[in-house]
Amino acid sequence: MPVELERRGPVAIATLNRPEVLNALSLEMLDELDTLLDTIERDPTLRVVVITGAGEKAFSAGADIRHMREASALEARAYAQRGHQTTSRIESFPKPVLAAVNGYALGGGCELALACDIRLASETARFGLPEVNLGILPGWGGTQRLARTTSSGFAKELIFTGRMCPADEALRHGLVNHVHAHAELLDRAVALGEEIATKPAWSISAAKEVVNLALDGDLRGHLARELDAFALAFTTDDQREGMAAFFEKRPPKFAGH
Ligand code: CO8
């Protein structure tokens, strides 16, 4: 399965499972994740969700660039919208969702982690929004949620440079709550989930909803602006060049249009 579900007492572990492409998020994976969330939502014995990645290298290296390479602006917008659907669902899911970031969390992978309530990272984790290197910009909520979670200056630096930030730097900027030894990460995430699961379910759910309001602003309106800007990037020559360069494993040559 592209996403595996494991139960550990009250904690559901959803593992993104395409390690051969660093758990790049295909449409099938997003659909499967939604199906698992349906199961978890209906099961009162499951109280907390932990999302992690299969393999040693990645949480997720982002949206699947193969789906985007030849996309028109409208197709790109629809794909971005599909990602928004899942990230917004995680953000408003009635149970807490923790991200156990066990390696690369890039592009859509970073944006998925940002939609979670709490992020824990292993020492090997690397965060980034490298979309500018592909001639596009973040399209699954990263423009909004990275700035809200850290600071607008840090978000702009990561978005403008596309560089990866290591776990200790992510910790300093509040992008993650804790950094653990790689081998301990999942157990530590489950332990935090178990602790939260001892608290009253309704209070936790209500608290999540209300804490989310603290940062709300006009998130829906701003996400819609992000979708339009993301789609427009697919009308540029630089998008074709950026994605071609990725698959040809060479640096891109951007012309600025
Ligand atoms: N999509 C598709 N395939 C990928 C992706 C990806 N995001 N990331 C890695 N892969 C594949 C590689 O093509 C490679 O496949 P193959 O073995 O067939 O060549 C395999 O995974 C292993 O990757 P590498 O050989 O590149 O592994 P390295 O250890 O050398 O490098 C990196 C690891 C640095 C993580 C590198 O793989 C990388 O830079 N990946 C791309 C990261 C990236 O740019 N992510 C952002 C994608 S865009 C995005 O997420 C936008 C979100 C909004 C989307 C809206 C939808 C339209």
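Helices here (H or I, at least four residues) and strands (E, at least two) are DSSP runs, numbered from the N terminus, and the expected span of a helix is 1.5 Å times one less than its number of residues. You're touring a predicted model, where local features need pLDDT of at least 70, side-chain atom pairs count only at pLDDT 80 or more, and totals for chains, interfaces and linings use all residues. Residues are numbered from 1 along each chain as its sequence is written, and side-chain values use heavy atoms, with hydrogens and water left out.

**Stop 1: helix H8**

Select residues 185-197. That's H8, with 13 residues; from its first C-alpha to its last it reaches 18 Å, close to the 18 Å expected at 1.5 Å a residue. Now colour Leu 185, Ala 189, Val 190, Gly 193, Ile 196 and Ala 197, which are buried (under 20% relative accessible area; exposed is over 50% and partly exposed in between, with a 1.4 Å probe and protein chains only). Where do these residues sit around H8? They cover an arc of only 130 degrees around the axis, so they are on the same side of H8. The arc is that of the directions from the helix axis to the C-beta atoms.

**Stop 2: from Val 190 to Val 11**

Stay in helix H8 and pick Val 190, buried at 3% relative accessibility. What does Val 190 touch, not counting residues up to four places away in sequence? Arg 8, Val 11 and Ile 13; contact means heavy atoms within 4.5 Å. Arg 8 is 182 residues away along the chain, yet its C-alpha is separated from that of Val 190 by 7.8 Å.

Hop across to Val 11, which is found in strand S2. Val 11 is buried too, at 0% relative accessibility. With its neighbours within four places in sequence left aside, Val 11 is in contact with Glu 6, Leu 46, Val 48 and Val 50, and also with Val 190, Gly 193 and Glu 194.

**Stop 3: Gly 53 and Asn 23**

Next, select Gly 53 in strand S3 (residues 48-53). Gly 53 counts as buried, at 8% relative accessibility. Residues up to four places away in sequence aside, Gly 53 touches Thr 15, Leu 16, Asn 23, Ala 58, Phe 59, Ala 100 and Asn 102. Asn 17 is 36 residues from Gly 53 in sequence, and their C-alpha atoms are 6.4 Å apart in space.

Click on Asn 23, one of those contacts of Gly 53. You'll find Asn 23 in the loop between strand S2 (11-16) and helix H1 (27-42). Its phi is near 60 degrees, a positive value in a residue other than glycine. Most residues other than glycine have a negative phi. Is Asn 23 buried or exposed? It counts as buried, at 0% relative accessibility.

**Stop 4: two helix pairs**

Show H3 (residues 73-92) and H4 (residues 108-115), which pack at an angle of about 25 degrees with their axes 8 Å apart. Axes are lines fitted to C-alpha atoms, for helices over the stretch in contact, and angles run from 0 to 180 degrees between N-to-C directions. H3 and H4 are therefore roughly parallel to each other (under 35 degrees; over 145 is roughly antiparallel, 65 to 115 roughly perpendicular and the rest oblique). Thr 87, Ile 90 and Glu 91 of H3 make the contact with Glu 111, Leu 112 and Ala 115 of H4.

Now bring in H5 (residues 142-149) and H10 (residues 219-233): their angle is about 130 degrees, and their axes are 9 Å apart. That makes H5 and H10 oblique to each other. On the H5 side, look for Gly 142, Thr 143, Gln 144, Arg 145 and Arg 148; they meet Leu 219, His 222, Leu 223 and Glu 226 in H10. The buried residues of H5 are Gly 142, Gln 144, Arg 145 and Leu 146, and they pack against H3, H4, helix H6 (152-161) and H10.

**Stop 5: helix H11 and just after**

Finish at Gly 242 in helix H11, buried with a relative accessible area of 1%. Beyond its neighbours within four places in sequence, Gly 242 is in contact with Asn 133, Leu 134, Gly 135, Pro 252 and Phe 254.

Then step to Lys 249, in the segment after helix H11 (237-247). Lys 249 has a positive phi of about 55 degrees although it is not a glycine, and it is exposed, with a relative accessible area of 78%.
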